[in-house]
Amino acid sequence: MFAKLARTGVLVAAIGIAGCNDSSMKDFAPEANKPLPDKILADMKAKGMVRTSSVMARIFKEEGKLEIWKAKTNGRYDLVASYDICKWSGKLGPKYTEGDRQAPEGFYTVRPSQMNPRSNYHLSFNIGYPNAYDRANGRTGSNLMVHGACSSSGCYSMTDAQIEQIYAFGRDAFQGGQTEFQIQAFPFRMTAANMARYRNDPNYEFWKMLKVGYDNFEITKVPPKVDVCEKRYVFNQAAPEGATFDPTGPCPAMTQPDSLKTAYADYEKRYDAAFNAAVKGSILPPKPAIAGIKEASIVSDWSKRRARGERVPIDPPSMNADGSVTETTRMGRIDSPLGRKMAALDAEKEAKRKAEEQRLAAIEAAKAQALAEKEAAKQAAQQPVVTAGVEAASAQPAPETQQAASADEGTVSKLKKKLLGMFGG
């Protein structure tokens, strides 16, 4: 018994300190420590990567893909895994405000403190929204993640099996000394054909800015250095000694290596030719995209009312190209303590409303009944007079009847006299 109690005491003590070191992850979050599959490790080795080399992720909404890229021994990155995103919420376009249910687009940074081995969504990591660009442009929101459980309200949700591997890539890279890894989130693959498809979209200028970072990676196969000034992204730019990038201030004098400038110029020439060809050719119709802060605010208001437990349309509202708003006719409320409380209050109000309707209906019915009885009594009082007059009138023969009777009596009298004369009467 003493030995059992002693073991229990050691376990309790271990739990007490486990949250401050990696042992908690190993002892109580085994899914966060699963090794990568042998096939992936073999592919990495064949591409000149080691298990703990640096990592980067790219996300494409329209294609529904999350890619993992890892550094090779030569410093350049190569694609090592691609996953189908189970769910992402909202439309194409960036996240604007808390509650708009938009999955973010942009360049984000994940550090070890953002990894959550005990997530309510199996495993997760916070992508770092809002970043410097988002804050400079007044964009709000919190707890935007890549996680498991295949359920999303503004996040990028994977299956549990997928997030175990994605999480492992980040974990291994941190163990290898990487202090942070980059997530690049795009509306679609930023090819000339896709950019031509969305050239009339209200988010096009924002996407053109993201494309500069996309192109820098496509050219160098190294995650770009990302800064923000004048409320916009700048990529692979160097500021003079002593100068800094102020997200809301003017950009400093910036320089780039000549080799990168030349490579980028050549890349842009090929892109421009492909873009012009795509515009002239057949283009697939674009997918729905958020119509800026106005639509984001409408959806955010819907989210707030839903969170309060109000009965709202099942799906969030959507703004159309002409500025009108479409809402689903199906209504419902969130299943939560607030939702159940609001449902009870609404049921109480509805019961009171029906009771008042019934009370007023009863009053109206009583008034109608009283009026009907009064009218019936009035008619009953008049009925004997009318009947007596009818009987008196019927007791007196009509003039025509009296004349007919007199004529008959004369005829009988004449006949009687004639018969008496014939028989001597």
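Which residue in β10 is the bridge partner of G106? In this predicted model, that partner is A185. Residues are numbered from 1 along each chain as its sequence is written. Because the model is predicted, local features need pLDDT of at least 70 and side-chain atom pairs count only at pLDDT 80 or more, while totals for chains, interfaces and linings use all residues; side-chain values use heavy atoms, with hydrogens and water left out.

Strand β1 (residues 55–60) runs parallel to β10, joined by four bridges, and here I59 has A185 as its bridge partner.

In a regular strand, side chains alternate between the two faces of the sheet. In β10, F181, I183 and A185 lie on one side and Q182, Q184 and F186 on the other, all of them buried (under 20% relative accessible area, with exposed over 50% and partly exposed in between; 1.4 Å probe, protein chains only). Since six of its six residues are buried, β10 is largely enclosed by the rest of the structure.

Elsewhere, β11 (residues 226–229) and β12 (residues 232–235) run antiparallel with four bridges, and V226 stands opposite F235. The two strands form a hairpin with two residues between them, and E230 in the turn has a positive phi of about 55°.

Key. Pairing = 2+ DSSP bridges.
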